[in-house]
Each structure stands twice: as C-alpha cells, then as structure tokens.
Amino acid sequence: MAFLESFCKFINQFFMWIAGFFLSAMIVLTCANIFFRLIWGPIRGTYELMGYFGAIVTALALGYTQIKKGHISVDILVLRFSAKTQRVLQSINSLICMIFFGMAALQIAKYANILQETGEVTETLLIIYYPFTYGAALGCAALSLVFFTELLNALFKTGEEEQ
Amino acid sequence: PAPVAAGPINLNYANFPPAPTFPCVQMERWKKEVEKRTNGKVAIKTFPGGTLLKAKAMMDGVIAGQADIGCLCMAYQPGRFVITNATTLPLNPPSATVSSLVLWDLYKKYHPKAFGKVKVLTMFTTAPFNIMSKVPVRNLGDLKGLDLRAPGSAGVVLKNLGGNPVGMPMPQTPEALQKGTVKGLISSLEVMKDFKFAELCRYVTKIDVGVIPFAVVMNMDKWNSLPKDVQKVMEELGPQQAVWTGVYMDNHVKDSMAWSKKTHNIEVIELSKTEKAKWDKLLDPITGKWITDAKAKGFPAKAVVDDIVGFTKMYSGQ
Amino acid sequence: MSLTLIGIIGIIILLAVLFFLGMPVGFTMGIVGFCGFWYAVSFKAAINMVGNDIWSTFSSYGLTVIPLFIFLGYLAFNSGIADRLYNTAYKWFGHWRGGLAIATIGADELFAAICGSNTATAATMGKVALPQMQKYKYDNMLSSGTIVTGGTLGTVMPPSVVLIVIGLQTEQSIIKLFLGGILPAIILGALFVLTIFVICRINPTFGPAGPKTGFKDKVRSLTGVIEAVIIFVLVIGGLYIGWFTPTEAGAVGVFFTFLVIVPTGRLGWTGLISSIGDTLKISCMVFMLVTGAIIFGRFLAVTRITFMVADFAAGLDVSRYVILAFVLLIYLIGGCFIDSLGFLVLTIPIFFPLGMALGFDPIWYAIILTMVTTMGAITPPVGVNIYVVKALAPEIGLSTIFKSVSFFLAACIICIVILIVFPQIVLIIPNMAH
Ligand code: NA
Ligand code: NA
C-alpha cells in the first residue's frame with residue numbers, strides 16, 4: 001500500500017510538471033501571437049492550440065489538486081460527525097469518485113479513439129488532435145487512482161499510522 | 001429506465017446555435033410538420049443553444065442516445081465528413097436551395113460511412129459565401145493582405161486569393177469591425193441584416209464560393225423503434241425539409257440585402273468575366289488538392305466533385 | 001414518474017450528497033447530474049455526456065482565460081507588489097484615525113485591479129497589513145474585519161475569476177462584465193472606508209493614528225503603485241480598446257508582471273514554482289466546478305426544470321424586485337453554508353434564466369449576483385476569506401472576526417441597494433466601450 005501511495009504521488013507530481021510546462025507554453029504562444037500579429041500576421045491556429053493546451057493543463061492537474069485537497073466541499077456538517085463516521089463517509093466518497101472518474105477516463109479514451117479512427121482534424125491547422133484527448137483521459141485516470149489510494153487509506157489505515 | 005407513459009412518442013431534438021438562427025428555425029418547422037403529419041402521434045421537444053448537446057458533440061451524442069435527434073454542422077469537424085464536406089469547395093453554388101438539394105442527392109448517392117451509425121433525416125446548407133467589407137474589393141489587388149474574418153473553408157479561399165484570413169467567433173466580429181481589427185468578413189449575406197454588418201460594411205463583392213453543410217441525424221435504435229407510418233412521414237419530409245430550408249435561407253438573404261441597400265445604401269460589386277476568371281484560377285488548386293487528399297484516403301473524390309458540378313447544373317436549370 | 005419530479009428529486013439528492021457526504025461541490029454536481037441523466041434517459045447517453053462535457057469544457061478556448069488570470073494573481077501575490085502598494089497607501093492615510101485600515105482598503109482596491117481572486121487579495125493584504133496594524137495597536141476586531149472584507153474587492157474589481165465564470169456560463173461578454181465591475185468596486189471600497197470611519201469615531205481606541213509622513217515622502221512613495229497601475233491599464237485598457245481577447249489580456253498581464261519582477265529578483269524559483277502549483281490547483285478546482293455545473297445543467301435541461309422555474313417566476317403577479325430580493329436572500333443564506341463560487345455555479349442554470357425572464361439587464365444582473373456571491377466569502381460559518389485571515393493570525397478568535405465582519409456586511413448590502421436603485425453605475429462604462 002505504501003508503494004501504491006508513493007507511486008500515485010509520483011505520477012501526479014510528474015503530471016503536475018507537465019501541466020506547468022503547458023501553462024507556460026500557453027503564455028508564450030499567446031504573447032508570440034500578439035507580437036507577430038502586430039508586426040506581420042497572427043500565428044495560424046493559436047486559438048485552437050490554446051484550447052488543447054488548456055485541456056492538458058487542467059486534466060493533468062486533477063490528481064495533484066485532489067492530493068492537495070484543492071477541490072472545495074461543504075464539510076460544515078461532516079466535521080461534526082465522529083471520527084469513525086467521517087471515515088465511513090470518506091470511503092463512500094472515494095469509492096463513488098473513483099468509479100466515476102474511472103468511467104470518465106474510459107469514455108474520453110473511447111472518444112479519442114473515435115477521433116483517431118474517423119480521421120477528424122482541427123479546423124484551422126487541419127492537424128490531428130486526438131493525442132490531447134488521450135491526455136485528458138490519462139488525467140482522469142490519475143484522479144481515479146488518487147481516489148483508490150484514499151479509499152484504501154480510509155478502509156485500512158489505523159489512527160497511529162496516520163500520525 | 002425511461003418513464004413509460006401512454007400518449008405520444010416523445011423525441012428530444014438537440015441543436016447547437018441560439019434559437020433565432022436558421023438551423024433552429026428549420027428545427028421548429030420540422031417539429032411542427034412532423035407533429036401535424038403524424039396527427040400528434042409524435043411530440044418533439046427542442047433544445048436550442050447547446051443546452052443538450054454542443055456542436056462538435058452532436059454526432060456521438062446522438063449515437064449514444066444523449067439526444068434522439070441532433071442537428072450538426074459538418075464543417076466543424078474536418079476529416080470526419082469528407083464526402084459531404086466537399087460542398088464547401090469553391091464550385092460556384094448559386095443558392096442555398098440548389099446547394100441543399102445537391103447535398104441531399106450527394107448523400108443519397110454515396111451513403112457515406114460517416115453516417116453509418118445514424119438515420120439521416122435531412123441535410124441543408126447555408127447560402128453561398130460572399131465578401132462584405134468596409135473598403136471596396138473590385139479586384140485581386142484590393143484583396144491583397146486585407147484582414148477579413150473568414151473561418152474554415154472561407155479562410156482557405158481568402159488565403160488563395162491573397163487576403164489575410166482571421167478566425168474569430170461571429171459574436172465578436174461586430175466589435176472587431178468597429179475597432180478595425182478586421183476590415184470585413186466572408187460569410188453568407190443574411191448577416192448583413194442579422195448582425196447589422198451593413199452599418200459598417202458598405203461594400204459587398206459577389207463571389208458565391210462554397211457553402212456550409214448541415215445534417216440532421218437520428219439515433220438508429222430510436223429510428224428502428226418508430227412505427228412504420230411515422231418513419232414514412234419523416235422519410236418524405238427529408239428532401240422537402242432540405243428545399244424548405246434552402247428557400248428560407250435564400251429569402252432571408254434577399255430580405256437582408258434589400259434592407260441593406262435601402263437603409264445603408266450599400267454597393268454590390270459584381271466581378272467582370274475576365275476578373276472572375278482570374279479568381280477562379282487561384283481557387284482551382286483548392287479543389288485539386290482536395291481531390292488528391294480525399295483520393296489518398298480512398299474516397300471517390302473525382303466523382304464526388306463531378307457530381308456536385310452536375311447536380312448544381314441540373315438544379316439551376318442549366 | 002414525471003420528468004419534473006425526477007428533476008426535483010435530483011436537486012434534493014444533490015444537496016444531501018453535498019452536506020452529508022462532504023463530497024467536493026464540482027464532483028457532486030457531475031455525479032448527481034450523471035445519475036439523473038442515466039435515470040431519465042439511459043446509461044449510454046449519460047456516460048457519453050460526461051466524457052464529452054469534460055473534454056469539451058477542458059479544451060474550450062474561452063476557459064483558458066481562467067488559469068492565466070489566476071497565474072497573474074499569484075505572481076503579483078508572490079512578488080511583493082502588494083508591499084509597495086500598501087506602503088504608498090500607508091504614507092498617505094496612516095496618520096488618520098483608522099488610517100492603516102483605510103490604507104488597507106486603498107491597497108486592496110489597487111491590488112484587486114491586477115488580481116482575480118478574493119482569497120488571494122485577502123491573503124496578500126493579510127500578510128502585508130496585519131503585522132503593521134498589530135504594531136500600531138489596532139484592535140483585532142478592526143484589523144481582521146478590514147482584511148477579510150477588503151478581499152471581496154478582488155472579485156468585484158476586474159479582473160475577476162467570478163466574473164469570468166459567470167460570463168462563460170451565461171455567454172455574456174467577459175469584457176463587458178469586467179468593465180461593469182469597476183465602478184461598483186470603487187463604491188464598495190468607499191463604503192468600507194466609511195465603515196472604518198464610523199467604527200473609529202464610535203471607538204477611537206480601535207484604530208489609533210499612525211505617525212505622520214512628510215509631503216515629499218508621500219509623493220516619493222507614489223512610485224510604489226506604478227507597476228500595479230501599468231499592469232491594470234495594459235490588461236483592462238487592452239480589453240477596453242479591443243486589442244486583446246480576455247485570454248490574451250491574461251497572458252500579457254503575466255508576461256508584463258514577469259518583466260517587472262524578474263529583474264528585481266523579488267520572485268525567485270520557489271516563488272515561481274509555488275505560483276505555478278497554486279495556479280494549477282485553483283484553476284483545476286474552478287474547471288471542475290464549471291464542468292460539474294454543465295453536467296448538472298444538462299440534467300436539469302432534460303427535465304425541463306430550468307424552463308419551468310423561469311416561466312413560473314415570470315408569471316407571478318408581484319414586482320420583479322420582490323423576486324430579485326428573494327433570489328438575493330437565497331444567495332445570502334446559501335453563501336453562509338456553501339463556498340460562494342460553488343454556490344454560484346450551482347445556481348446559475350436556474351437563477352440566470354429567471355433574471356432574464358424578469359427582463360433585467362444581463363450585465364447588471366451578473367454584477368449584482370457577483371456582489372451577493374462575494375458576500376458569501378465573508379459570512380460565517382463557511383466564509384473562505386475568514387479562514388484565510390484566521391490562518392494568518394491564529395491568535396485572533398473566530399468570534400472576533402465574525403463580529404467585525406458584520407459591520408462591513410452592512411456596507412455590502414447598502415452597495416447592492418445603491419446598484420439596484422441606480423443601475424447606470426454598472427452599465428455606464430460597458431456601454432461607453434461600445
Ligand atoms: Na480583481
Ligand atoms: Na459564507
């Protein structure tokens with residue numbers, strides 16, 4: 001379990017670096033587009049590329065955000081329950097979210113596969129874009145993995161271990 | 001489990017643009033016609049503005065049954081609808097009515113694999129594309145380096161003619177025109193009135209290149225579950241709806257141009273025969289390149305182009 | 001079962017999962033929307049919807065504006081721009097009674113003009129101004145309340161993540177929303193200053209006057225606002241003139257902030273890395289909220305609930321302002337218990353069409369919703385700004401902060417009333433730009 005947890009942490013940290021890289025790329029691309037637009041002409045396909053870069057930024061940050069407890073929730077009532085109840089609720093939560101994002105990952109991968117098979121390309125550059133879609137699926141899968149480790153923790157980890 | 005109720009068969013019809021636009025106008029007309037002709041046996045709930053499915057999600061959403069019926073714009077997904085998207089090529093379509101019929105016949109003749117998983121209810125196109133601009137465009141020289149809003153296939157046309165295509169969403173275009181970020185646009189002419197472009201673009205250059213094709217598709221299981229008489233009504237309505245939408249579009253363009261001439265005194269520029277020949281010569285490679293590419297992917301590209309030209313001649317009464 | 005009933009049950013289940021399971025708001029909306037759609041239509045349709053909406057939301061160009069403006073805020077936060085702003089405001093107002101608190105609001109107003117989030121604004125000013133106010137023996141009641149509420153200017157003054165989210169969800173021009181927020185933010189700030197004035201008049205020991213500064217020093221200190229003003233003019237001015245799309249304005253803002261702070265060495269690698277990490281975390285959270293709301297909205301659409309609520313309200317035989325007051329009350333109460341941005345995206349599919357059915361101007365209505373939403377960030381028990389300040393100053397009791405916030409809430413409500421009576425305040429700048 002310790003192995004799984006550190007593997008999950010490593011993967012999501014690694015994805016976060018890629019997300020950060022694409023975030024920087026978005027800024028560079030947009031500024032370059034504005035600059036070239038002023039002097040001779042815009043960089044073709046900037047808008048569509050920005051959308052796909054943004055997809056990678058968000059998707060690959062999903063697991064990292066969950067590990068850092070960045071997704072807001074309404075815990076005002078839950079915090080009043082006993083520690084044991086909270087653990088039960090936590091495992092239900094993790095289980096539901098793990099299944100949901102696992103299915104979402106599969107579905108997005110399936111969609112990417114359709115894009116690949118039907119030969120769909122972007123509107124301006126007329127290039128394939130399904131690799132980005134697979135990237136988004138990967139991000140959801142990583143989030144599902146985070147919930148899996150959280151589920152195991154809620155179920156099996158004892159109080160002492162947590163400290 | 002869907003709630004089972006006695007009474008009419010309920011069908012959800014998803015559309016992506018806002019309610020007042022022509023794809024939604026034809027949707028409401030189709031709904032009314034079907035409900036009338038089936039004597040209320042079928043009830044259709046319409047979802048305009050992407051509330052149920054967005055443009056690029058339409059095809060797969062209908063296949064999965066997220067909506068029973070969906071209206072999609074094929075030009076948004078280049079590469080996926082190769083044969084029907086050939087109607088975007090600069091082959092001098094005269095009107096939306098003719099193009100819609102050509103598109104429908106093209107579909108009927110080739111039954112493209114892209115539509116294999118759905119039932120196609122109808123197809124139609126926009127009116128042909130023309131240049132609207134703040135400065136007169138009378139020849140290729142006027143077009144050189146001119147910034148015009150021209151997405152997708154219109155952008156390719158403009159690029160070949162020496163202009164500078166700018167891609168931006170339609171709602172942003174009036175502001176960009178006002179601020180001079182773009183000097184005009186290439187689109188079908190109903191926008192002169194609908195978006196009040198005539199206030200800013202006092203010149204229209206008639207070039208009639210390309211149209212944008214749309215398809216209305218239905219979930220296959222849903223189609224198979226319909227009673228025979230309902231299917232028959234919808235089958236019959238297919239080509240009729242294509243014509244109705246084409247005529248609606250053409251009248252809309254006529255209204256728009258009459259209004260623009262009357263209210264803003266715009267000038268319509270017709271190209272001379274020799275000038276037009278020069279333009280066509282620059283545009284020919286687009287079709288040539290499309291044929292090469294589509295052929296490489298295994299499509300009967302040459303035959304498709306010949307058919308578009310042939311059908312167009314036939315329906316224009318030439 | 002009728003579709004309407006399915007929709008109502010869906011909403012009840014949603015609230016139950018939110019409160020009793022403590023599942024994140026965005027996930028809850030997505031999952032309940034998915035299950036509802038599954039029940040009303042089919043599993044295949046529902047899972048297709050989830051996959052497609054996640055992909056199309058994540059890859060939409062319009063939404064790329066979110067990470068860029070959040071990044072801009074964090075860069076400003078980590079680079080010491082706020083220190084210099086506060087220093088200037090302090091030199092000008094510090095010698096007044098309550099002057100440090102007034103200076104905080106002034107610095108808030110300027111910082112809000114380059115930062116898109118209320119928590120970042122509160123956290124920044126808390127770090128900068130709290131120690132100063134403690135040094136000059138300000139009462140915790142005044143200092144903490146000022147920091148907590150001053151942060152709300154971050155969402156009303158453009159750029160603003162809340163305005164971006166409203167704009168994207170309701171298909172309004174983000175540029176117009178941004179421009180519409182400027183005057184309300186200035187009025188809100190003025191009312192906060194007035195509140196501080198009144199508090200210090202009633203109880204002078206709350207905010208003793210600071211040391212006087214010579215006129216020359218005052219003028220010299222003005223250099224501290226230059227970078228913030230330039231960034232604001234570049235970003236919002238560029239939007240106003242139409243040079244940039246909102247996304248481009250965000251990128252230009254980030255680029256320019258880099259130009260300003262990298263040579264000064266005020267940012268450093270750790271600052272940069274933590275800015276990127278925080279940006280990813282916050283924008284990912286916002287994206288999940290938006291995606292969840294879209295999925296839940298599709299479920300509501302297929303049950304036709306949204307259409308019905310709007311029709312029902314439009315058919316009521318009372319003044320539309322009574323209905324508006326009712327809506328605002330719901331936001332106030334909801335804002336107490338649910339994170340304000342989460343509550344906003346949750347309710348927009350219902351309350352925005354309602355406002356449109358009542359014939360309100362969309363930009364004005366959006367700004368009013370933003371004002372009342374941002375109040376949620378400072379109302380107990382769930383008010384994110386309160387906890388930001390509590391984290392910075394653990395020695396201040398929560399009850400003290402709650403009490404002090406209540407003074408400022410009056411200012412917020414007065415501001416909303418002013419905007420309802422004089423809608424021109426919101427609309428004048430956006431209309432001028434057109
Ligand atoms: Na702001
Ligand atoms: Na609150």
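In which helix of chain C does Ile202(C) lie? I looked this up to start the notebook. Ile202(C) sits in helix H11, residues 174–202. I note here that the model is predicted.

**Entry 1**

I stayed with Ile202(C). Its relative accessibility is 67%, so I list Ile202(C) as exposed, the cut-off being over 50%.

**Entry 2: a positive patch**

I then turned to charge. Which lysines gather in a patch of positive charge on the surface? I found Lys110(A), Lys113(B), Lys117(B) and Lys44(C) there. Lys117(B) lies in a loop of chain B, between helix H4 (96–110) and strand E4 (118–125). Its relative accessibility is 60%, so Lys117(B) counts as exposed.

**Entry 3: the sodium ion**

Ligand 1 is a sodium ion. Which protein atoms are its donors? I wrote down the O atoms of Ala112(C), Cys115(C), Gly154(C), Met157(C) and Pro159(C). These donors lie 2.3 to 2.4 Å from the ion. Along the chain they follow the spacing A-x2-C-x38-G-x2-M-x1-P. Cys115(C) and Met157(C) link distant parts of the chain, 42 residues apart. I placed Cys115(C) in the loop between helix H6 (99–112) and helix H7 (118–135) of chain C. Met157(C) is in the loop between helix H9 (153–156) and helix H10 (161–170) of chain C. Are these two residues buried or exposed? I have both Cys115(C) and Met157(C) down as buried.

Pro159(C) is found in the loop between H9 and H10 of chain C. The peptide bond from Pro158(C) to Pro159(C) is cis, with omega near -5°. I noted this because most peptide bonds are trans.

**Entry 4: salt bridges**

How many salt bridges are there over all chains? The count comes to 21. I followed a few of them.

I began in chain A. Glu150(A) forms a salt bridge with Lys69(A), and their closest N and O atoms are 2.8 Å apart. The pair links parts of the chain 81 residues apart. Glu150(A) is in helix H4 (residues 130–156) of chain A, and Lys69(A) is in the loop between helix H2 (46–67) and helix H3 (83–118). Glu150(A) has a relative accessible area of 12%, so I call it buried. Lys69(A) counts as exposed because its relative accessibility is 55%.

I moved to chain C. Arg298(C) pairs with Asp53(C) in a salt bridge, with the closest N and O atoms 2.9 Å apart. Arg298(C) lies in helix H15 (residues 268–303) and Asp53(C) in helix H3 (residues 43–58), so this pair ties together parts 245 residues apart in sequence. Arg298(C) is buried at 4% relative accessibility. Asp53(C) is buried too, with a relative accessible area of 4%.

Arg84(C) and Glu227(C) were next on my list. Their side chains meet in a salt bridge at 2.6 Å, N to O. Arg84(C) is in helix H5 (residues 81–93) of chain C, and Glu227(C) is in helix H13 (residues 226–241), 143 residues apart. Arg84(C) is partly exposed, with a relative accessible area of 34%. Glu227(C) is buried, at 7%.

I also found a network. Salt bridges that share partners join Glu120(A), Asp60(B) and Arg80(B).

**Entry 5: positive phi in chain B**

I checked backbone angles. Most residues other than glycine have a negative phi. Lys196(B) is not a glycine, yet it has a positive phi of about 55°. Where does Lys196(B) lie? I traced Lys196(B) to the loop between helix H8 (191–194) and strand E9 (203–209) of chain B. At 39% relative accessibility, Lys196(B) counts as partly exposed. Asp208(B) also has a positive phi, about 45°, although it is not a glycine. Asp208(B) has its place in strand E9 of chain B.

**Entry 6: Phe58(C)**

I found Phe58(C) in helix H3 of chain C. Its relative accessibility is 1%, so Phe58(C) counts as buried. Phe58(C) and Val161(C) are 103 residues apart in sequence. In space they are 16 Å apart, C-alpha to C-alpha.

Methods
Residues numbered from 1 in each chain as written. Chains lettered and ligands numbered in written order. Predicted model: local features only at pLDDT ≥ 70, side-chain atom pairs only at ≥ 80, totals over all residues. Heavy atoms only, no water. Patch = residues over 30% accessible without salt bridge, like charges linked within 9 Å, V, L, I, M, F, W, Y side chains within 5 Å. Areas by Shrake-Rupley, 256 points an atom, 1.4 Å probe, with all protein chains shown as cover. Salt bridge = Lys/Arg side-chain N within 4 Å of Asp/Glu carboxyl O. Lys, Arg positive; Asp, Glu negative; His and termini not counted. Charge placed at Lys NZ, Arg CZ, Asp CG, Glu CD. Helix = DSSP H or I, 4+ residues; strand = E, 2+ residues; numbered from the N terminus. Buried < 20%, exposed > 50% of the residue type's maximum accessible area, 1.4 Å probe, protein only. Donors = N, O, S within 2.8 Å, 3.2 Å for Na, K, Ca; no water.
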